[in-house]
Amino acid sequence: MGACDSASLSAPPRRTRGIVLLVLVILGLASAVFVVRRPLMMSAPMCMAGRWHGCFDTFNGVVLMTLVALPLAALVVWALARRRRAAGVTSAWRMSVAEVGMVHGTVPFVWLTMMPGGGAGPVPARVSLVPLRDLATMGSLGIVGNLLIFAALGFFAPMRFAVLASVPRILALGAGCSVLVETAQYVLRLDRVSSVDDVLVNAAGAVLAGLASRRWWRTAAQAPSDRPRPAPAPAG
């Protein structure tokens, strides 16, 4: 059996795995939307009316608008990929998905993190610099939320930027972005605790997400794809 035969035999299983993965992702998203449909619908009237209060200043409203913006994000991915393919850029789809994914998956979480608490302004800024002291008070929901803040950034950024294609650099990226967020919370006095544990958990989430996408960003690092392919030489 030749190389062409073996390649043709391996193609269907890869395609099948991709289809199965896509179906699982769609089912997972549909299940999540079904579970949270009632809380989201509570913010729908305010969001549809374009009101800031009751929509963009609430958790349910931000989540709802993030889901509503998914078709627009997919359209932006398609437009970027089509433009890049026309320019002869290799891996146009991967680059476009990575750019839109890390923005669409990070901005809503950062927005939620920067929402002011009830005592924002009058309440003095608070800092917790003792590692692992606040983990017990976070609870499982708080830990999961902190893991997700920069997960999209850790997943997609190394796929887009080859310079970030290593676990230590993903860790540094997640920690650096988290430090900026915690510093902003302290300076703006948002009635939130600027904690070193938040930085640790946020960075861990970025690393875990980066490990999940490792097969794609390792390929991108070995063969940078942000340059157009050279035009073929004329025959003659």
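# Exercises on a kinked helix and an aromatic cluster

Trp216 has a relative accessible area of 31% and therefore counts as partly exposed (buried is under 20%, exposed over 50%, partly exposed in between, with a 1.4 Å probe and protein chains only). The model is predicted: local features need pLDDT of at least 70, side-chain atom pairs count only at pLDDT 80 or more, and totals for chains, interfaces and linings use all residues. Residues are numbered from 1 along each chain as its sequence is written, and side-chain values use heavy atoms, with hydrogens and water left out.

**Exercise 1.** Describe the secondary structure and burial of the protein chain.

*Solution.* Step 1: the protein chain has 11 helices and two strands; these are DSSP runs numbered from the N terminus, helices being H or I with at least four residues and strands E with at least two. Step 2: read from the N terminus, the order is α-α-α-α-α-α-β-α-α-α-β-α-α. Step 3: of the 236 residues, 31% are buried.

**Exercise 2.** Compare the span of helix H7 with that of a straight helix, and locate its kink.

*Solution.* Step 1: the expected span is 1.5 Å times one less than the number of residues. For 15 residues a straight helix would span 21 Å. Step 2: H7 (residues 135-149) spans only 16 Å between its end C-alpha atoms. Step 3: a kink of about 80 degrees is centred on Leu141; the bend at a residue is the angle between axes fitted to the seven residues ending there and the seven starting there. Step 4: Met138, Asn146 and Ile149 of H7 are buried. The buried residues of H7 pack against helices H6 (107-113), H8 (151-160) and H10 (196-212), where contact means heavy atoms within 4.5 Å.

**Exercise 3.** Classify the aromatic pairs and state which residues form the cluster.

*Solution.* Step 1: rings of Phe, Tyr and Trp (its six-membered ring) pair if their centres lie within 6.5 Å; planes under 30 degrees apart are stacked, over 60 edge-to-face, the rest tilted. The count is two aromatic pairs. Step 2: Phe155 and Phe156 have ring centres 4.8 Å apart and planes at 70 degrees, so this pair is edge-to-face. Phe155 is partly exposed at 22% relative accessible area, whereas Phe156 is buried at 17%. Step 3: Phe155 and Trp216 form a tilted pair, 6.2 Å centre to centre with 50 degrees between the planes. This pair links distant parts of the chain, Phe155 in helix H8 and Trp216 in helix H11 (residues 214-222), 61 residues apart. Step 4: one aromatic cluster holds Phe155, Phe156 and Trp216.
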